[in-house]
Each structure stands twice: as C-alpha cells, then as structure tokens.
Amino acid sequence: MRLSHFAKVAAVAAAAVLTATACGGQSPSLGSSGAAPSVAQGASFEAGTTMEKLNKAQALRLGTKFDQPLFGLKGLDGKPAGFDVEIAKIIAAKLGIPADKISYTEAPSAVREEVIEQDRVDMVVATYTINDKRKERITFAGPYYVAGQDLMVKSDNTTITGPESLKAANAKVCSVSGSTPSEKIKQYIDPANLTLFDVYSKCADALRTGQVDVVTTDNVILTGLIENSSGAFKLVNKKFTEEPYGIGVKKGDVKFCEFVNKTLKEAEADGSYKAAWDSTLAKVSPDVPPLPAAGTCS
Amino acid sequence: MTRSSTPMIRMAAVDKHFGDLHVLRDINLEVDAGQVVVVLGPSGSGKSTLCRTINRLEPIDTGVIEVDGKELPEEGKALAGLRADVGMVFQSFNLFAHKTILENVTLAPIKVRRMPKGEAQTHGLALLERVGIANQKDKYPAQLSGGQQQRAAIARALAMKPKVMLFDEPTSALDPEMVQEVLDVMTTLAKEGMTMLVVTHEMGFARRAANRVVFMADGEIVEDASPDTFFSNPTSDRAKDFLGKILTH
Amino acid sequence: MGVIIEQFPLYVSGFLTTLRLVLIAGVLSIILGTIIAAFRVSPVPPLRLVGTGWVTVFRNTPLAVVLFATAFGLPEIGVNSSYFVFGVLGLVLYTSAFVCEAIRSGINSVSAGQAEAARAVGLTFGQSLSLIVLPQAFRTVIPPLGSVLIAMIKNSAIAGAFGIGGDLFANGVQLTSAQGYSAAGVLFGVMLGYLVLTIPGGILLGVLERKLAVAR
C-alpha cells in the first residue's frame, strides 16, 4: 500500500516537472531539468588539460551547497538545484558532459577549499566569494555573479536601516560561522552581539523567535530566506559589500580557469546564462544582471 | 514528664510481613520507664525485626507502636525527632566511616539538637570517657577494634540523651574476648535506670541485668516473664527446647 | 601551524569562552545531578519518579537534540535569552543525567547501615544524605564523575555550534573558512586548547581522589 502510494506521488511529481519544462523552463520547483544547455558534441581539448581529462571521463564532480535556496538546494529527487548548479551545467555542457553525468558533493562554507585541495571535486560552485586568502589555496574562475552583503529583519522592524544603525540599536546579528559576511559584520557591531550557526535556516528561525534582530549575509541568500518566510521577513536593501562569486578550481589550474571564463562569456552571448538566471533567480530578481568582468586566472 | 502510668514503649496488635513471610504476629508488648527487657529467641524468630520497628527502621503493616505515649509518625521530620529520643545500637556498629570517633558522637547533638559545638564536644568526651575509649577520640572507626567500635556506638546513641535504648544483637559480631567489655557498659547503663530493650543471645546478661525476658518464636511472643521464672521454669515447649539447646551448649 | 601564532589572541578568546562555558556548566551539572540522585534514592515515590524520568529522558537523548530544544525550542515558546545561557542549559540538562547516575552508583556503594545509623540518631533524610552518605559516596564517584566532566568539556564544542560561537572550536571553524587557513593547522591548535582543559582536569581529579582516600 505504502509503496503504491509513493509511486503515485512520484508519478504526479514527475508529471509536474514535465509540464513545467514544457512551459519554457519557468519551473517553480526549480527542478534540475532547468533550461538544459546543449551539450557540445565531439568537443576536443588539448592533451593533458583538465578539460580533456573530464571530457574523456564523461563525468564532472561538482561541489555545491545543498541548503542554499535559489543557488544550490537539494530537492526531493536528491539532486541540488539552483543558479550555481545551472552555471555548472553550462560548463559541463561545454566540456561535452551531459547534465546527468554530474555528481554532486555537498560543499558547505567551512570545507570548500578542502574538497578542492583533496581532489574530491573538480570544481566548486557554491556562493563562493573570491578573496585573497582563499586564492592562496585555490584558483578562482569568474566571477559569474556579484552579490553583496545586506541585512534581513522582521517585516515590522523600522529601527534598522543599514549596517550603521546596528550599533545604536544594540542589535543582535546572526550569520553563519566560517562565512565572509560573519567576518565583515564584526566592524559594525559589538562581537558579543554576533550569533553564529552552521546554516542560515537556523538564523532565520532565531530571527522568527526573536532571539536575534538581524540576519546578515549576501543579499541573494537573504532573498531566498525571505521568499520562504511568507512575509515575516524583509530585506533592508542596503548592499554594503561587493561579493563576487567565483568558481573554485584546483590551485594553479590556469587553463581550466581560463576555459571556464571563456565559457561564461559565451554563455552570456548565446543566452544560456540568461536561461540559467530565468529558471532560478528570476523568481526574486527578474532582471538578469550583466556578467561581471572576469578576473585573472592564477 | 513521663507519668509512671504511661509505658515507655507500647506495641499493640502489631503485624508485619516480608512478602509471604509473617515475621511479626499480633505483638503486644509494654516496656515501662526504667525497665530492662531482654528479647530472646531462635534466629528467624522476628526479634531483630521487632526491635527495628520501634524506631520505624522497619515499617509495620497493622497495629500501633507508641514511644513515651506518642504514636510513631510517618517518615519525615516528626519521625526524625522521635528517633532522636530513641537510641539504637546495631550488630555491625555502623559508625560513620568518614568521621572520627568524637565526630561520630557529636554529629547528631550538633545537627539534630542544635547543641553548640564546644558543649557537644565536652559532653561527647565525657561519654567516651564513660565507655572507656576517650583516648581513641581522634581515630577513624576502621582503626578501632570491634569492642571499641561498639562502645563508641553506644556513646553515640547516649549523646542524644535518649529516653530509651534499643540494642539489636550488640555483641553478635564481636570476637569473644570483646563481648564482655560491651556487656559491662550495658550493665552499667541498666543499673543507672536507662529504659532498654535488648535483643541478644547473652543469657548471662539476661540473668544479671534484665527485669523481664521476652521469648519469641515464629514471629510471636511466646513467653514474657522475669529472668528467674523464665530460666528456671519455662512454660512453653519451644522455650524449653530453646533453653535446652543453649544451656547444654 | 603558523596559524596558532598568528591568530593566538583568537585562540585565547576561544579558550576562555570554552573555559567559562564548561566551568559554569560543570558546577551546575554537579549540583543538579546530585539533587536528581537524591530524588532517585529518596523515600518519597513522586520524587523518585521525577528522578528516574529525568535520567531516562536526558541520558537517552542525543546532546545535539537537547541543545536544539534549548536553543530553538525555548524561544519558540517565548523564552528568550542569550545562546550562551541556552548552551549552558542544554549541557547541564544532558550532563546532569550522567552525573546523577555516577553519584547514585556511589550512594549504592555506601553500606546501608550508614544510612540506617544516620536515621537512627535522628538525622532527616536530607541530613543523612548530605552529611553521611554523599561524603562517602563522592570518593568512589570521583573516577566516573571525572569521565563525565571530561566528556562534557568535549561536548561543549557541540554547544558552540548552537549560536554561542566564539568558543574554541567555533573560532577554529571561522579560521579555516572565512579566513582561509588550512584545516589541519587550525584544528591542531584547537585540539591543543581542549587538551589544556582536559588533561589538567584529569590530573586534578586524580589528586583529589588520593586526598580523599587518605582521609578515611
């Protein structure tokens, strides 16, 4: 009985995904089908490069977030979905690897360098802010998007208007330990007022129950939380940092890095970047931003 | 305060079971102030249990137990108050192992009677003197011989100035050569007019110090008589049998 | 390993936060655990029931769940406080169950005659427990109690993840990720910090055990 019930649910879910795909990739469920970029057939790469290796293996190991709405959020099918995943699919397609040959490894903030260094993934696309300290250990391609740190408060909060107002309000601020925003916010508040959790969903819960007054991180992450709060939270909308999201690859793999940058550029030109945006982040931010200028690969 | 008409201990229609075992059957017993009652009987006759019910270390099923005219209260502060007035000496001494001999004697007067420490010590030392172990006052119980420990335990009970003293086979755990020193202390106490209920196998003590002998068998009081009458002229077969075994031994 | 020298102040502040956490939680756990142990051996049946229920619940629930309940459950029902307080509370609830059982085993190791004699001289249940039974029980309890407290020190790292932050382990995580130090070096420093807490603790308990044993 249980099994047949489950089968029915699965069938309905599958049908919903199919329908959504038929309607032009505006899947509200952020299904992993997305706007599948066309896989490069018979692509060939210079011998000895990462591209050649991956193309030959016909597999890509991706490190991404599993709990980041709109970027990388593990769905019921067990696969993460979101903008980061779509970007990875674009790169995979250029490598001649179909989307279903991508294997996913969870890469929470604290271990992103490790999974690259230990060769457990081929690349990390995980709301991964480019900074110099991280560049000592890995190489960043991109950026593919520029986020910015912002504040999220309860909808009825009027006292907090930006980072400068935090100190006067003696606001308790929540962020995720090991994240760049958690370091950044320290210059605006008394460290004793900073609460750190391992995931943002706990910060959202703490905000809801009044344990903290503010949640801070990149705006896009906050937007995802607001989306799920059914009107309880709002964005202060005062971006006070620039957080360029990069794609982490093995330290010194300049050729792969340059390949990724070239792929991003092409994706912007051929519309697959826009398609990735439309199927994910457009939900909270309809206008597709321009692709940021690529950094140097080193 | 005690009127001569009020017995110090009164047990009426007391029954007690340990599971299926009927350990006390319809016990009726009165001990007047100043009396010394020795309880005799074969092992398993319920004499130790009887002794332990008087300060409610063993609760009873039915019946009434009164000490100095007051019925035993339920477990709690009032019972603790009553126990303070009833001294008890155990077969295995049960001195507080982590306290010195003097501390053993002064602890209850200080904590229960709220006696100032200095006064309790003076009083305690006098008692240790009386039982002949004042020179052991700073030792721990484990450093003393059995006889010395039991004398310390008697001093501990006396320190509370009890109205009545219960002795639950006080010499049974002692090496033979130490029995007498404990019995001597008990005999002196009896002569001084202390109300005592003594469960023992020491016939000599019963003859010498007791006003009455109570003989128990199978949870019942079978005989209740003066020592002379009991030893020379027991009425029941069970008492005759018991005495036969003991005295020919 | 250079990170330990470079970021020494952060290690020190993390160490102090953890120290404060475990000192407060340790003292409260011992007090609460002793009270619960007293409940479990008390002559009053409802108290025994409370004691048994307490141990059953908190000894058999994962610490992370207890901490989740204090950090997220209490605010849910309108109890707001600092996460430090919630963390201490979670650790104390959890650890007290283990302290209780250690102490109860100690109480059981004291011969029944000691408690009987205490009652016979007129001490109340509370007095006989606190003056006679517990002081003798604590001696046999020190080794198992030591294990419980050392486990609690290590468990404090989990409490740190429930919003306290700034403790030894959380600072380590912050260093590895946000500041990009390699995990191996950072965690070596973190490990050293915990050892500085646990090893002298163990030595202290050993000394205490020998001291009390001599006093008998």
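1. Some ground rules. This is a predicted model, in which local features need pLDDT of at least 70, side-chain atom pairs count only at pLDDT 80 or more, and totals for chains, interfaces and linings use all residues. Residues are numbered from 1 along each chain as its sequence is written, chains are lettered from A and ligands numbered from 1 in the order in which they are written, and side-chain values use heavy atoms, with hydrogens and water left out.

2. The largest nonpolar core. A nonpolar core here is a set of buried Ala, Val, Leu, Ile, Met, Phe, Trp, Tyr and Cys residues joined through side-chain atoms within 4.5 Å; buried means under 20% relative accessible area, exposed over 50% and partly exposed in between (1.4 Å probe, protein chains only). The largest such core has 92 residues, and those touching the most other members are Phe83(A), Ile87(A), Leu95(A), Met123(A), Tyr144(A), Tyr145(A) and Ile247(A). Its largest share, nine residues, is supplied by helix α5 (residues 83-109) of chain C. Domain 1 (50-146 + 244-283) and domain 2 (149-235) of chain A, with bounds from an automatic or database domain assignment, both contribute residues, so this core lies between them.

3. Chain B as a whole. Chain B has nine helices and 10 strands, taken as DSSP runs numbered from the N terminus (helices H or I, at least four residues; strands E, at least two). Of its 249 residues, 56% count as buried.

4. Salt bridges. With a side-chain nitrogen of Lys or Arg within 4 Å of a carboxyl oxygen of Asp or Glu as the rule, there are 32 salt bridges over all chains. One network links Asp68(B), Asp85(B), Arg113(B) and Lys163(B).

5. A pair within one helix. Glu52(A) and Lys56(A) form a salt bridge, with the closest N and O atoms 2.9 Å apart. Both lie in helix α2 (residues 50-57) of chain A, four residues apart, about one turn of the helix. Lys56(A) is exposed, at 63% relative accessible area.

6. Which parts of chain C does the pair of Glu101(C) and Arg40(C) link? Their side chains meet in a salt bridge (2.8 Å, N to O), linking distant parts of the chain: Glu101(C) is in helix α5 and Arg40(C) in helix α2 (residues 8-41), 61 residues apart. Glu101(C) is buried at 15% relative accessible area, and Arg40(C) is buried at 17%.
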